[in-house]
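Subject: Handover of a structure and its findings

Dear colleague,

Please find below the structure that I am handing over to you. My notes on what was found in it follow directly after.

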Amino acid sequence: MIKTVNLTKIYTTEEVETTALNRLNLEISEGEFVAIMGPSGCGKSTLLNIMGLLDTPSSGEYYFLDSETSGLSESELSRIRKGNIGFIFQSFNLIDELTVFENVELPLQYLGINADERTKRADEAIERMGMSARRNHFPQQLSGGQQQRAAIARAVVTGAKLILADEPTGNLDSGHGKEVMDLLTSLNEQGTTIVMVTHSPTDAEYAARIINLLDGEIVDEKIQADLKA
């Protein structure tokens with residue numbers, strides 16, 4: 001599903017040049033659950049943004065679903081991103097003025113799906129996350145765990161093949177964090193590919209493969225023999 005070849009990302013200012021990713025080579029197969037770890041500034045979020053077609057490399061190649069994407073226009077990247085990739089953020093990124101239902105429905109509007117189908121699919125995603133009782137609540141009326149459940153419903157409502165999660169439990173207590181990780185595990189067991197950036201060794205243990213980055217390079221990789229139940 002994902003392949004990078006000598007992927008490099010350099011940020012340049014008037015005073016300094018920073019290499020966020022340094023000729024990184026990586027492959028992730030469909031259906032995997034991969035955790036990416038490493039210290040702050042090691043390139044984790046940059047890699048996730050390129051995987052999600054939110055950023056482009058300075059050099060090298062990025063293949064998504066067997067298509068090389070690094071030379072595509074923003075409109076072409078957006079077209080591929082919609083419906084294929086869902087995002088889960090540490091800060092939830094829900095729109096305060098919209099209800100849970102409206103937040104979850106929004107990606108379907110961008111895809112031009114008709115109102116009846118949007119309602120059906122949004123309600124199914126909300127129910128799947130155990131949030132039906134909070135369907136008409138606004139984000140500020142929800143706990144952190146409930147907000148992240150709504151965010152996951154929004155990420156999966158399009159039937160995305162790939163979920164990119166950036167510190168998905170970073171703003172949650174351990175109990176709600178475990179609930180979110182169990183949900184991600186369930187999604188993966190149903191066939192969704194998940195790539196998660198995390199600082200948490202506990203969260204990383206849910207993944208089948210752990211990749212450690214340092215200074216924009218892969219320095220270690222671990223295949224999990226025994227996953228959490």
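This is a predicted model: local features need pLDDT of at least 70, side-chain atom pairs count only at pLDDT 80 or more; totals for chains, interfaces and linings use all residues.

Two strands are taken to pair if DSSP finds at least two bridges between them.

Four strands form an open sheet in the order 2-1-4-5, and their pairing is antiparallel. At its edges stand strand 2 (17–28) and strand 5 (67–68), each of which pairs on one side only. Strand 1 (residues 2–12) is joined to strand 2 by eight bridges, in the antiparallel sense. Within this pair, Tyr-11 faces Thr-18 of strand 2.

A second open sheet has six strands, ordered 6-7-8-3-9-10, and its pairing is mixed. Its edge strands are strand 6 (85–89) and strand 10 (217–223), each pairing on one side only. On average, neighbouring strands of this sheet are turned by 20° against each other, direction ignored. Strand 3 (residues 33–37) and strand 9 (residues 209–214) run parallel and are joined by four bridges. Ala-35 has Ile-210 in strand 9 as its bridge partner.

Helix 1 and the two sheets

Which strands of the six-stranded sheet does helix 1 touch? Helix 1 (residues 44–51) packs on that sheet and touches strand 3, strand 6, strand 7 (162–166), strand 8 (193–197) and strand 9. The direction of helix 1 makes about 155° with that of strand 7. Helix 1 also lies across strand 1, strand 2 and strand 4 (59–64), and runs at about 60° to strand 2.

Helix 1 is mostly covered, with six of its eight residues buried. The buried residues are Lys-44, Thr-46, Leu-47, Leu-48, Ile-50 and Met-51. Just after helix 1, Leu-53 adopts a positive phi of about 60°.

The cavity

One cavity of 30 Å³ or more was counted. The largest cavity holds about 30 Å³ of space. Its lining consists of Ile-50, Leu-53, Asp-55, Thr-56, Pro-57, Tyr-62, Thr-69, Ser-70 and Leu-77. By class, this lining has five nonpolar, three polar and one charged residues.

The largest pocket

The largest pocket contains about 480 Å³ of space. Its lining is made up of 18 residues, and Ile-85, Phe-87, Pro-107, Tyr-110 and Arg-154 are those nearest its centre. Helix 2 (74–81), strand 6, helix 3 (100–110) and helix 5 (144–156) each give two or more residues to this lining. Which element provides the largest share of the lining of the largest pocket? Strand 6 does, with four residues. By class, the lining of the largest pocket has 10 nonpolar, five polar and three charged residues.

A residue of helix 5

Gln-147 belongs to helix 5. Is Gln-147 buried or exposed? Its relative accessible area is 17%, and because buried means under 20%, Gln-147 counts as buried. Leaving aside residues up to four places away in sequence, Gln-147 touches Phe-92, Leu-94, Pro-139 and Leu-142.

With kind regards

Technical notes:
Residues are numbered from 1 along each chain as its sequence is written. Side-chain values use heavy atoms; hydrogens and water are left out. On a 1 Å grid over the protein atoms alone, a cavity is a set of points where a 1.4 Å probe fits but cannot get out, and a pocket is an open set with protein on both sides within 12 Å along at least five of seven lines; lining residues have an atom within 4 Å of a point. Grid points are joined across faces, edges and corners, and a volume is the space filled by probe spheres set on the points. Ala, Val, Leu, Ile, Met, Phe, Trp, Tyr, Cys and Pro count as nonpolar, Asp, Glu, Lys and Arg as charged, and the others, Gly among them, as polar. Axes are lines fitted to C-alpha atoms, for helices over the stretch in contact, and angles run from 0 to 180 degrees between N-to-C directions. Contact means heavy atoms within 4.5 Å. Buried means under 20% relative accessible area, exposed over 50%, partly exposed in between (1.4 Å probe, protein chains only).
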